[in-house]
Amino acid sequence: MRPMQIKALLTALLLTATPVFADGLAPDYAVLPLASHHYGDWGEDDGDDFNEFNPGLMFTWAERAYGLNYTFGAYRDSRSDTSAHLSAAKMWDIGDHAQAGIVGAYIHSFGDGYTGFAPSVQLNYKSLFLNAATGYDDDIYGVISTGFIIPLGR
């Protein structure tokens, strides 16, 4: 990890830390990412051979500053490297047990995976989540991720 990348990651953490913890230090949810599916043309020479088993552990502080959810953690990315995840999301209730929202994430791979901003949309139903991120270059491409959300209480 280059010094400039470390500074950017630490700056992002410091800027989000105060509003996230305003209502207490304990996170509201543990998030367990498990799997992903890549679609479209990623422009890779190796046939877009991605790892689609992505276990990890992240924590979410829900409805904190500005009514946003803040999530921080790590998981095994699509290149089988460890990636750090830092995001803010705005979620809306769409049913008794469902939410939909938009997510702005910064992802940092500690290997050959993606490092940068990754906007997405997310659907939560009971203890499951489905997240879809997409991009456009010469063709549409993207990744759909899924996993579990475990309430920790507040």
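This report walks through a few strands, residues and contacts of the structure above.

## About the model

The model is predicted, so to speak of a local feature a pLDDT of at least 70 is needed, side-chain atom pairs count only at pLDDT 80 or more, and totals for chains, interfaces and linings use all residues. Residues are numbered from 1 along each chain as its sequence is written, and side-chain values use heavy atoms, with hydrogens and water left out.

## Strands that pair

Let us begin with the strands. Helices (H or I, at least four residues) and strands (E, at least two) are DSSP runs, numbered from the N terminus. Two strands are said to pair if DSSP finds at least two bridges between them.

Strand E1 (residues 29-40) pairs with strand E2 (residues 56-61) in the antiparallel sense, over 3 bridges. Here Val31 stands opposite Met58 of E2. E2 and E3 also run antiparallel, joined by 6 bridges, and Leu57 has Ala74 in E3 as its bridge partner. Further along, strand E5 (residues 98-109) and strand E6 (residues 116-125) form an antiparallel pair with 10 bridges. A hairpin of 6 residues joins E5 to E6, and Tyr106 has Phe117 in E6 as its bridge partner. As a general point, side chains in a regular strand alternate between the two faces of the sheet.

## Ser78 in its loop

Ser78 sits in the loop between strand E3 (69-76) and strand E4 (82-93). Ser78 counts as buried because its relative accessible area is 17%; the cut-offs are under 20% for buried, over 50% for exposed, and partly exposed in between, with a 1.4 Å probe and protein chains only.

Contact means heavy atoms within 4.5 Å. Setting aside neighbours within four places in sequence, Ser78 is in contact with Ser36, His38, Phe50, Asn51 and Asn54. Ser78 and Asn54 are 24 residues apart in sequence, and 7.0 Å apart in space from C-alpha to C-alpha. The side chains of Ser78 and His38 make a polar contact of 2.8 Å. A polar contact is a pair of N or O atoms within 3.5 Å; within protein, one must be able to donate a hydrogen and the other to accept it, and residues adjacent in sequence count only if both atoms are side-chain atoms.

## Asn131 and its partners

Asn131 belongs to strand E7 (residues 128-136). With a relative accessible area of 13%, Asn131 is buried. Its side chain makes a polar contact of 3.0 Å with the side chain of Ser120, and another of 3.0 Å with the side chain of Gln122. Not counting residues up to four places away in sequence, Asn131 touches residues including Val103, Val121, Val143, Ile144 and Ser145.

## A salt bridge

A salt bridge is a side-chain nitrogen of Lys or Arg within 4 Å of a carboxyl oxygen of Asp or Glu. By this rule the count is 1 salt bridge. The side chains of Asp28 and Arg64 meet in a salt bridge, at 3.1 Å from N to O. This pair links distant parts of the chain, 36 residues apart: Asp28 is in the loop between helix H1 (3-20) and E1, and Arg64 is in the loop between E2 and E3. Both Asp28 and Arg64 are buried.

## Leu123

Leu123 lies in strand E6. Its relative accessibility is 38%, so Leu123 counts as partly exposed.
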